[in-house]
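Work through the exercises below with the sequence and the coordinates at hand. Each task is followed by a stepwise solution.

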Amino acid sequence: MRYIDEFRSGELAQKLARKIRHATDPNRQYNLMEFCGGHTHAIFRYGVPDLLPKNVHFVHGPGCPVCVLPTARIDQALYLLEQEDVILCSYGDLLRVPASHKKSLLKAKAQGSDVRMVYSTQDALKIARENPEREVVFFAIGFETTTPPTAVAIKQAATEGLSNFSVFCNHVLTPAAIQNILESPEVREIGTVSIDGFFGPSHVSAIIGSRPYEFFAEEFQRPVVIAGFEPLDVMQSTLMLIQQLNEGRYEVENEYHRVVSRDGNLKAQALVAELFELRPLFEWRGLGQVPYSALRIKQPFNEFDTEQRFNIPEIESKEIKGCECPAILRGAKRPRDCKLFGTVCTPENPMGSCMVSSEGACAAYWSYGRFRNVSPESDLE
Amino acid sequence: MLMCLAIPTQIITVSADQQGATVSIDGIQKEISLALVEEIAVGDYVLLHVGYALSKVDTVEAEKTLALFAEMKGLETMEPLK
Ligand code: SF4
């Protein structure tokens, strides 16, 4: 497809690999964190590490929406399904994420709960229109990319007077999470994780623009390059980060000009601002409680807020013993450090959220990275 | 499914109220929402995510980026990677 295939060319990848080799200083290490699971996925799928010098390392970040959702939120959705006669709609991956006590939304569905997978918030609205006597709850997750479509749906429900529709809002914010990682003891004090620079999110940035990263490039003195999700985008951005580090610069640069501007999508931003406000505190798996890192529905739209509409108690979740997702999400451990990886835990039978979504580091290692040490070669054509 | 993934697709038709459009993905026509973008015309490429166009793809910038990848200033003499 256009604007995809060109950015996967093996010939250009070889050129970029040579440029990177040429630019790399053999006497130093380059630890580059890709915040987004979309980058993690591309890096593994196309075997990008095999094209790079050994002293360039990718550190995987927490930017995988299903991975960072705390288990308690799924437990709460399961509680709601048990207590009330609701239709629960959600995006596909979420259904398979393990909840406490070996439950999941998929298992609840198998046991008779009305859980439906939707592709778009428009599908959820449609289900609400077709079932006026039932309560329809949309389990909303995701970063800034996925928030505007939720905002459109709430607005539309308000306009149409679709009073049986509500949103269980779990939308989270990228800049707050990046800041949290940079302030974490592992990075700051202990020094077990070293991060020299960041690949900035692709599609999150299409919405929020590149401006929000300017603060911590400056504050934490780390370069940020907004990178597209295709393998050549990742390689070009790697080169740009290496150049900045060599020159001692820490700026926000944009490799993904074809989609991202400094200001982002103002229409989407205005809509999000109209419908949502910041939560003072929200829990992320792996990062713990992060201040001002998530959104809730604003007061005039309370009627469409599942948490206002139903009595949902706080639930203390039970995590699977041995799952290292929290440390992996902070960049402090790698999937292979987990004893369950590939034995007990596989994509068919995930024990933790990082194995569910193809954006999760464990799933990416499982699908593409397992044999890398045996036969290193890149998949770029 | 990649939650943050969006793909470039070309607009085939735009609805009269400018709120919806059809695109073709691998030969299959799909209805999408234009509620989050402005001034989209037939032939434009947009980034499609969970049924919504998130932004226009700037095709001029796309070509520039590709040209940048191919640029080989001073590297002609390096032998290729094995
Ligand atoms: S391999 Fe499975 S159990 Fe281990 S950290 Fe990853 S998701 Fe958790």
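**Exercise 1.** Determine the strand order of the open sheet in chain A and name its edge strands.

Solution. Step 1: five strands of chain A line up as β2-β1-β7-β8-β9 with parallel pairing, where a pair needs at least two DSSP bridges and strands are DSSP runs (E, at least two residues; helices are H or I, at least four), numbered from the N terminus. Step 2: β2 (56-63) and β9 (252-254) of chain A each pair on one side only, which makes them the edge strands. Step 3: neighbouring strands are turned by 25° on average, direction ignored, with axes fitted to C-alpha atoms, for helices over the stretch in contact, and angles between N-to-C directions running from 0 to 180 degrees.

The model is predicted: local features need pLDDT of at least 70, side-chain atom pairs 80 or more, while totals for chains, interfaces and linings use all residues. Residues count from 1 along each chain as written, chains are lettered from A and ligands numbered from 1 in written order, and side-chain values use heavy atoms without hydrogens or water.

**Exercise 2.** Describe how β1(A) connects to β2(A).

Solution. Step 1: six bridges join the two parallel strands β1(A) and β2(A), with A:L32 opposite A:F58 of β2(A). Step 2: the chain passes from β1(A) through α2(A) to β2(A) in a right-handed crossover, that is, clockwise from the first strand over the helix to the second with the strands pointing away from the viewer. Step 3: β2(A) is largely enclosed by the rest of the structure because seven of its eight residues are buried (under 20% relative accessible area, 1.4 Å probe, protein chains only).

**Exercise 3.** Which strands does helix α12 of chain A touch?

Solution. Step 1: β7 (197-200) and β8 (224-226) of chain A run parallel, joined by three bridges. Step 2: α12 (231-247) of chain A touches β1, β2, β7, β8 and β9 of chain A, at about 155° to β8(A); contact means heavy atoms within 4.5 Å.

Methods
Buried < 20%, exposed > 50% of the residue type's maximum accessible area, 1.4 Å probe, protein only.
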